[in-house]
Amino acid sequence: MSKKIYLFSLVLLALAFTACSETEETSRYDNWQARGVAFVDSIANVYNSPENQALDNDDPEKLHAFPDPTNNQTIYVKKLKKGEGTESPKYTSTVSAHYRMSYFNGDVVQQTYTGTEPTEFDSPAIFVLSSPDPNVGKVISGWAYTLIHMVAGDFWTLYIPYQSGYGSGTGNDGSLQPYSALVYNVRLEKIVEK
């Protein structure tokens, strides 16, 4: 009888070790591309909903859509605060802006401010929206095609599909997840050069 219990215990122990060795840890970035696409699709569904379409255009909860003709994508935007500026940048302008870039899962990747909104103690970044000169840095198309609709002081949230972001790339320093749908909080400070 004791041999049967001993043998049974060994079999259970062997099964436990086998089960543990086959277990793989999942990463928070598993199925990243598919999850990012699903996130942007869910934003599109909210944009197209009758509830969103019924909101007043000045409502900060209303989703707006801007086309990105470079990648044939749509950038979705919430206009959180209206600025006092009177003119919008051109597609080739240089601008000063505060931003917080997050993945769709909420992980903050880059930012020029740490609070809920930029303060006078935070330093904005300066960007060229687009340039024909390949030696001049420029922003992702999802930014370029939305910032041309902003005025100084506007504070918006941008929902950018990976095709209008960094695509399959990982950024200059390899720090980004490829195929990342991005969420930006952006405040346009000023047009530096029209």
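Predicted model: local features only at pLDDT ≥ 70, side-chain atom pairs only at ≥ 80, totals over all residues.
Residues are numbered from 1 along each chain as its sequence is written, and side-chain values use heavy atoms, leaving out hydrogens and water. Local features need pLDDT of at least 70, side-chain atom pairs count only at pLDDT 80 or more, and totals for chains, interfaces and linings use all residues.

**Exercise 1.** State how many helices and strands the protein has, and give their pattern.

Solution. 
- Apply the rule: helices (H or I, at least four residues) and strands (E, at least two) are DSSP runs, numbered from the N terminus.
- Count them: there are 4 helices and 7 strands.
- Read along the sequence: the pattern is α-α-α-β-β-β-β-β-α-β-β.

**Exercise 2.** Describe the largest nonpolar core.

Solution. 
- Give the size: the core has 36 residues. W143, L147, L158, Y184 and V186 have the most contacts inside it.
- Find the sources: elements giving two or more residues include α2 (32-48), β3 (94-103) and β7 (182-193).
- Zoom in on L147: leaving out residues up to four places away in sequence, L147 touches P89, V95, L129, L158, V186 and L188 (contact: heavy atoms within 4.5 Å).
- Recall the background: in soluble globular proteins, nonpolar side chains tend to be buried together.

**Exercise 3.** Examine the surroundings of D154.

Solution. 
- Locate D154: this residue is in the loop between α4 and β6.

**Exercise 4.** Find salt bridges and say what they join.

Solution. 
- Search the whole structure: there are 5 salt bridges.
- Take D107 and R28: their closest N and O atoms are 2.9 Å apart. D107 lies in the loop between β3 and β4, and R28 in the loop between α1 and α2, so the pair ties together parts 79 residues apart in sequence.
- Take E117 and K81: their closest N and O atoms are 2.7 Å apart. E117 lies in the loop between β4 and β5 and K81 in strand β2, so this pair ties together parts 36 residues apart in sequence.
- Compare burial: D107 is buried at 18% relative accessible area, while K81 is partly exposed at 43%.

How values were computed
Core = buried A, V, L, I, M, F, W, Y, C linked by side-chain atoms within 4.5 Å. Buried < 20%, exposed > 50% of the residue type's maximum accessible area, 1.4 Å probe, protein only. Salt bridge = Lys/Arg side-chain N within 4 Å of Asp/Glu carboxyl O.
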